[in-house]
Amino acid sequence: MNASEIFEKLKARSREDIEFQDSPLLPFIKVKPDSIRNVADILRNNTDFRFDSLMCLTTVDNPTNFTIVYLLYSMKHSHKITLKVETPKDNAVVPSVEKVWSAANWFEREVYDLFGVRFEGHSNLVRIMLPDDWEGHPLKKDYQYPATYRGVVL
Amino acid sequence: MGLIENRFNKNFIVTSADYFINWGRANSLWPVSFGLACCAIEMMATGMARYDIARFGAEAFRPSPRQADLMIVAGTISHKMASRVKLIYEQMSEPKYVMAMGSCACSGGPFVKNSYSVLKGADLIIPVDVYIPGCPPRPEALLEGLMKLQKQIRRRTIAKK
């Protein structure tokens with residue numbers, strides 16, 4: 001299935017409020033934060049979609065919001081789709097999809113580590129790459145570089 | 001009748017303790033086997049047959065820092081790794097030597113500006129004897145650094161550290 005067919009089928013299967021945006025490079029489905037768990041569940045478990053692989057989960061720091069990007073791939077049907085979820089910058093909280101794809105565990109920790117987006121329902125949301133006592137989230141556009149870390153000049 | 005009796009009576013060498021000790025130290029440098037980034041691949045290549053670091057007596061890469069006396073800091077040191085690198089250095093027994101291999105270990109390399117996670121040179125946390133520039137340095141450069149270190153060791157005296 002191509003991306004628009006996937007969207008039409010998904011629209012028929014779920015009652016969630018979703019939008020489709022076509023582009024030759026990366027066609028994506030825009031999902032509300034509250035619906036991501038249900039949409040992910042349908043895409044993962046429905047035999048027509050069977051998106052069994054979460055290839056990547058990352059975030060874009062836009063001027064007004066964070067956009068969480070989910071890149072999905074189906075090993076069975078060899079089709080792929082992208083999901084995007086927008087969340088406000090001052091209170092960035094998105095439901096975790098760890099229960100749907102266990103690969104999301106580390107991806108979400110990475111996004112939390114570098115952008116500070118919190119994932120509700122994640123089993124172990126702690127930093128994955130930076131030291132535990134690090135302050136701030138370095139990939140945010142408004143990140144201020146600290147002068148020193150543990151007495152060593154940065 | 002001992003085994004060596006009457007066999008070495010015409011052969012003996014007179015030398016200084018310094019020369020003898022330094023000769024031993026310089027020609028059996030045992031590196032710690034650990035690598036931090038891509039420089040470690042060049043370090044491994046140096047250990048293999050084509051470049052053969054064994055020609056300089058430094059082929060015994062020890063997995064335990066307590067058995068080693070040379071630390072080749074091969075690669076990028078992130079701030080998270082810095083405390084571990086320092087711990088390994090402190091676990092090594094005296095006399096111990098450090099070679100900073102590659103631009104990252106010398107100065108931070110390509111990460112020297114605007115990097116939040118990379119330590120700007122191994123010499124910020126541990127004393128470095130030889131710096132080997134390059135990104136990564138070729139095995140010949142590592143061997144050149146090793147020979148420089150051997151030269152340094154041969155000049156030392158046990159009277160002062």
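Two residues are in contact if their C-beta atoms, placed from the backbone, lie within 7 Å.

First, the ground rules. This is a predicted model, where local features need pLDDT of at least 70, side-chain atom pairs count only at pLDDT 80 or more, and totals for chains, interfaces and linings use all residues. Residues are numbered from 1 along each chain as its sequence is written, while chains are lettered from A and ligands numbered from 1 in the order in which they are written.

Chain A, then. Residues 24 or more positions apart account for 45% of its contacts with a separation of 6 or more. Chain A has three helices and nine strands. The order from the N terminus is α-β-β-α-β-β-β-β-α-β-β-β. Along the principal axes, the C-alpha atoms of chain A fill a box of roughly 55 × 30 × 25 Å.

How do its strands pair? Pairing needs at least two bridges found by DSSP. Strand 1 of chain A, residues 18–21, runs antiparallel to strand 2 of chain A, residues 28–31, with four bridges joining them. A:Ile18 has A:Val31 as its bridge partner in strand 2 of chain A. Strands 1 and 2 of chain A form a hairpin, with six residues between them. Strand 2 of chain A also has four bridges to strand 5 of chain A, residues 80–88, and that pair is parallel. There, A:Lys30 stands opposite A:Lys84.

Now chain B. Here we count five helices and three strands, in the order α-α-β-α-β-α-β-α. The C-alpha trace of chain B spans about 70 × 35 × 25 Å along its principal axes. Take its contacts between residues at least 6 apart in sequence: 78% join residues at least 24 apart.

Next, burial. A residue is buried if 20 or more other C-beta atoms lie within 10 Å of its own, exposed if 12 or fewer, and partly exposed in between; again, C-beta atoms are placed from the backbone. Of the 161 residues in chain B, 32% are buried. For the 154 residues of chain A, the figure is 24%.

Let's look at helix 5 of chain B, residues 139–155. At 1.5 Å a residue, its 17 residues should span 24 Å, and the end C-alpha atoms are 25 Å apart, so the two agree. That expected span is 1.5 Å times one less than the number of residues. Which residues of helix 5 of chain B are buried? They are B:Leu142, B:Gly145, B:Leu146, B:Leu149, B:Gln150 and B:Ile153. These cover an arc of only 145° around the axis, so they sit on the same side of helix 5 of chain B. The arc is that of the directions from the helix axis to the C-beta atoms.

The face of helix 5 of chain B turned away from the buried side carries the exposed B:Glu140, B:Lys151 and B:Arg155. What covers the buried residues includes helix 1 (17–26), helix 2 (39–47), strand 2 (97–101) and strand 3 (130–132) of chain B.

Technical notes. Helices (H or I, at least four residues) and strands (E, at least two) are DSSP runs, numbered from the N terminus.
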